[in-house]
Amino acid sequence: MSQTLQLGPLALPLAPVLLLVGFLLGGFAGRWLGRRSGVDIDPLLWRLLLVGLFVARLAFVLQFQDAYLKAPLDILDVRDGGWAPWAGVAAAAAYALAMGWRGAAVRRPLAAALAAMGLVWLAGIGLASAFETAEQRLPEMSLQSLAGVPVALSQFEGKPTVINLWATWCPPCRREMPVLLQAQAERPDVNFVFLNQGETASRVQEFLAAQRLPLRNVLLDPRGEAGIRLGHRALPTTLFFDSRGQLLATRVGELSRATLAQRLPPPN
């Protein structure tokens, strides 16, 4: 299933979009029934949302606590996309059952709101699966290294490969570079490939030197061909391939140590 919603050049993570649309439509359905019985359902729905988000984040942090212990403030930075969705859903469902058990008046509007949210989620997942493209592989293309040497992406098959689409002008790209650098040093069993989008070798070399980032496998994609072939133009985008060159996962947006560890294969 595709993990992003592509609207022209804009790429949005699918799960938050479905959550927002479901919450809005669920709120409308709950308010409509609530007005008929004199119940204000909005405070309960907001509490449900907050409980679900808090538990989903907490469960993810506990799962990858070793990564967060190295940078505790990253726990507060939810831009890394680190959530445990089913833990959040279970917590919200338990809270909803408790509230429905305690107050008969809220049961119908609450049930209507939850049903609308569930329908939006299932419809979104179904549409994403229906429009899913065929299994994606490392593209057959050659790019230039910073030294001007042609490098074929197919040469990275044989080991799990992480491809990062980035640019020096992109703030989240810059923020995640130290995380990727550390992973490249710690995981020699994984290829880390950095495809710079649209910049010159001199600009990239200047940036890497200034930031003290001794990255390996930095390649130049001056016309953004790799992003087009891979179906992603948003930056940063990180794609995770297995040792056979088949795409396993995609992260659109900034990575933290934890969300990178989530997608990497276990060490050999």
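Q: How many helices and strands does the secondary structure of the chain come to?
A: The chain has nine helices and nine strands. Keep in mind that this is a predicted model.

Q: What box do the C-alpha atoms fill?
A: Taken along the principal axes, the box is roughly 70 × 40 × 35 Å.

Q: And what share of the residues count as buried?
A: Of the 268 residues in the chain, 44% count as buried.

Q: What about contacts, how much comes from residues 24 or more positions apart?
A: Among contacts with a separation of 6 or more, such residues account for 69%.

Q: OK, the sheet. In what order do the strands go?
A: The order is β4-β3-β7-β6-β5-β8-β9. These seven strands form an open sheet, and the pairing is mixed.

Q: Which are the edge strands?
A: β4, residues 150–152, and β9, residues 247–252. Each of them pairs on one side only.

Q: What does the twist average?
A: From one strand to the next, the twist averages 30 degrees.

Q: Remind me, what do strands of a sheet pair through?
A: They pair through backbone hydrogen bonds, and the strands can be parallel or antiparallel.

Q: Then β6 and β7, parallel or antiparallel?
A: Strand β6 (residues 191–197) and strand β7 (residues 218–221) run parallel, and four bridges join them. In β7, Val218 stands opposite Phe194.

Q: Which helix packs on the sheet there, and what does that helix touch?
A: Helix α7, residues 201–210, packs on the sheet and touches β5 (161–166), β6 and β7. The direction of α7 makes about 145 degrees with that of β7.

Q: Switching to Asp242. Where is that residue found?
A: Asp242 is in the loop between β8 (237–241) and β9.

Q: Is Asp242 buried or exposed?
A: Buried, because its relative accessible area is 12% and the cut-off for buried is under 20%.

Q: What does the side chain of Asp242 reach?
A: The Asp242 side chain reaches the backbone nitrogen of Arg244 at 2.9 Å.

Q: And which residues is Asp242 in contact with, leaving aside neighbours within four places in sequence?
A: Lys159, Pro160 and Leu248.

Q: New topic, rings. How many aromatic pairs are there?
A: The count comes to four aromatic pairs. One of them, Phe23 with Trp46, is edge-to-face, with 4.9 Å centre to centre and 65 degrees between the planes.

Q: Where do Phe23 and Trp46 sit in the chain?
A: Phe23 is in helix α1 (residues 14–37) and Trp46 is in helix α2 (residues 42–63). They are 23 residues apart, and the pair links distant parts of the chain.

Q: What does Trp46 count as, and what about Phe23?
A: Trp46 counts as partly exposed at 48% relative accessibility. Phe23 counts as buried at 13%.

Q: Why is the pair of Phe60 and Phe64 tilted?
A: The planes of the two rings are at 40 degrees, so the pair counts as tilted; under 30 degrees would be stacked and over 60 edge-to-face. Their ring centres are 4.8 Å apart.

Q: Are those two buried or exposed?
A: Phe60 is buried, at 1% relative accessibility. Phe64 is buried as well, with a relative accessible area of 14%.

Q: Which residues form one aromatic cluster?
A: Phe60, Phe64 and Tyr68 do.

Q: Last one: what lies over the face of Trp83?
A: Arg57 does, at 5.9 Å from the ring centre.

Note on methods:
Residues numbered from 1 in each chain as written. Predicted model: local features only at pLDDT ≥ 70, side-chain atom pairs only at ≥ 80, totals over all residues. Heavy atoms only, no water. Pairing = 2+ DSSP bridges. Helix = DSSP H or I, 4+ residues; strand = E, 2+ residues; numbered from the N terminus. Axes fitted to C-alpha atoms, helices over the stretch in contact; angles between N-to-C directions. Contact = heavy atoms within 4.5 Å. Buried < 20%, exposed > 50% of the residue type's maximum accessible area, 1.4 Å probe, protein only. Polar contact = N/O pair within 3.5 Å; in protein donor to acceptor, adjacent residues only side chain to side chain. Phe/Tyr/Trp six-rings, centres within 6.5 Å; stacked < 30°, edge-to-face > 60°. Lys NZ or Arg CZ within 6 Å of the ring centre and 35° of its normal.
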